[in-house]
Amino acid sequence: MNNNQKVVVYVRLKDGVLDPQGVTIHKALGQMGYDEFESVKTGRFFELEIKDSVENIDNRVKEVCSKLLVNPVIEKFEVEKA
Amino acid sequence: MKVGVVTFPGSNCDYDAYTAVKFVIKEEVEFLWHKSDNLLGSDLVILPGGFSYGDYLRAGSIAKFSPIMDKVISFAREGGLVVGICNGFQVLTESGLLPGALIRNKHLRFNCKFVNLRVENNNSPYTNVCEKGDILNIPIAHGEGNYYNFDGDIKKLEDNGQIAFKYCMPDGTFSTEANPNGSVNNIAGITNEDGNVLGMMPHPERAVENILGSTDGIKVFESVKRFLNSKKTAGIT
């Protein structure tokens, strides 16, 4: 069993950015009779496994988020240590 | 003029662009492979439509790390002419060469049809043979062409004349009905502040022969030709 570190990156649309998928899913729920849901927002997550030997992973994770995983124009992210 | 058309894995309009330049515009054209780091002396680089890298992650997000893109980005920063069509537009926003982002169409459908575009700025290297207010009939084919940017940035684009084309009705008026994807202010194409980089969702290379339904796309290429010729005459090559 390895001791690799794991983090999960959650990516969401920034407030105010239109989420057509969320809106459509919300409408579908309404049509199915689930009227109690006020809104639905979509997003995505990434599970990253990091070599055990690496220290100070926080900055490296933030770097890959802003360079690749996230489009900072429309998206925001949170990192969670698994 | 010499045109370079970039081929990423998943590009599918590279041949359309190549063919339009070679056989209709009758200018020199070469393909530029994504792994290459040589623009082969291109005066104009075209990032074509398609699904580069399968549209994985976000449309255009992986293509920006191709070796050829390093060269395209420096070329653009030095004032070189770069046009991104459809997926190429997505690559340009992801690369930071153009502001904003292209998100999923408002109604979630892939849209493939002819649209009317109103020329909003005819001072750019891509629109100078048009008059302001001209209406071009050019097809779109995309699922993520909904141009998004924040209010302040949209105002900046409007004030700087960076909006090249807007979706309009056949009579040139704007309405939500004319807007095929939900783009802010009906935006169909924008340039960077210097005007040398253009991104547009519609496909001018698919509107270059009568048999295709329209020849209005020729105006984009003819504008570039005219721009380059006037630069040459002025001796600023």
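What follows is a short chat about a predicted model with chains A and B.

Q: How many residues does each chain give to the contact?
A: Chain A gives 17 residues and chain B gives 17 residues. Keep in mind that this is a predicted model.

Q: What area is buried between them?
A: About 1400 Å² is buried between chain B and chain A. Carbon and sulfur atoms give 67% of that area.

Q: Why quote an area at all?
A: Because the accessible area lost when parts come together is often used to give the size of an interface.

Q: How many salt bridges are found across the interface?
A: The rule finds one salt bridge between chain B and chain A.

Q: Which side chains meet in it?
A: Arg58(B) and Glu75(A), at 3.8 Å from N to O.

Q: And how many residue pairs are in polar contact there?
A: Six residue pairs are in polar contact across the interface, with both residues at pLDDT 80 or more.

Q: Which elements of chain B give two or more residues to the side that touches chain A?
A: Those are β5 (101–103) and β8 (146–148) of chain B.

Q: How do the residues on that side of chain B divide?
A: Into eight nonpolar, four polar and five charged residues.

Q: New topic, pockets. How much space lies in the largest one?
A: The largest pocket holds about 490 Å³ of space.

Q: Which residues lie nearest its centre?
A: Of the 25 lining residues, Gln21(A), Arg44(A), Glu75(A), Arg58(B) and Glu144(B) lie nearest the centre of the largest pocket. Arg58(B) and Glu75(A) came up above as the salt-bridge pair.

Q: Which elements give two or more residues to that lining?
A: From chain A they are β1 (5–13), α1 (20–31) and β2 (43–50), and from chain B they are α3 (87–95) and β5.

Q: What is the pocket lining like by class?
A: The lining of the largest pocket has 10 nonpolar, six polar and nine charged residues.

Q: What about cavities, how many of 30 Å³ or more?
A: The structure holds one cavity of 30 Å³ or more. The volume of the largest cavity is about 40 Å³.

Q: Which residues line it?
A: The lining of the largest cavity includes Leu44(B), Tyr126(B), Pro204(B) and Phe221(B). By class, that lining has eight nonpolar, no polar and no charged residues.

Q: Which element gives the most?
A: α5(B), with three residues in the lining of the largest cavity. At least two residues each come from β4 (81–85) and α5 (218–233) of chain B.

Q: Back to salt bridges: how many over all chains?
A: The search finds 12 salt bridges over all chains. One of them pairs the side chains of Asp58(A) and Lys81(A), at 3.1 Å from N to O.

Q: Where do those two sit in the chain?
A: Asp58(A) is in helix α2 (residues 57–69) and Lys81(A) is in strand β3 (residues 75–81), both of chain A. The pair is 23 residues apart and links distant parts of the chain.

Terms used:
Residues are numbered from 1 along each chain as its sequence is written. Chains are lettered from A and ligands numbered from 1 in the order in which they are written. This is a predicted model: local features need pLDDT of at least 70, side-chain atom pairs count only at pLDDT 80 or more; totals for chains, interfaces and linings use all residues. Side-chain values use heavy atoms; hydrogens and water are left out. Contact means heavy atoms within 4.5 Å. Buried area is the accessible area (1.4 Å probe) that two parts lose on being put together, summed over both. A salt bridge is a side-chain nitrogen of Lys or Arg within 4 Å of a carboxyl oxygen of Asp or Glu. A polar contact is a pair of N or O atoms within 3.5 Å; within protein, one must be able to donate a hydrogen and the other to accept it, and residues adjacent in sequence count only if both atoms are side-chain atoms. Helices (H or I, at least four residues) and strands (E, at least two) are DSSP runs, numbered from the N terminus. Ala, Val, Leu, Ile, Met, Phe, Trp, Tyr, Cys and Pro count as nonpolar, Asp, Glu, Lys and Arg as charged, and the others, Gly among them, as polar. On a 1 Å grid over the protein atoms alone, a cavity is a set of points where a 1.4 Å probe fits but cannot get out, and a pocket is an open set with protein on both sides within 12 Å along at least five of seven lines; lining residues have an atom within 4 Å of a point. Grid points are joined across faces, edges and corners, and a volume is the space filled by probe spheres set on the points.
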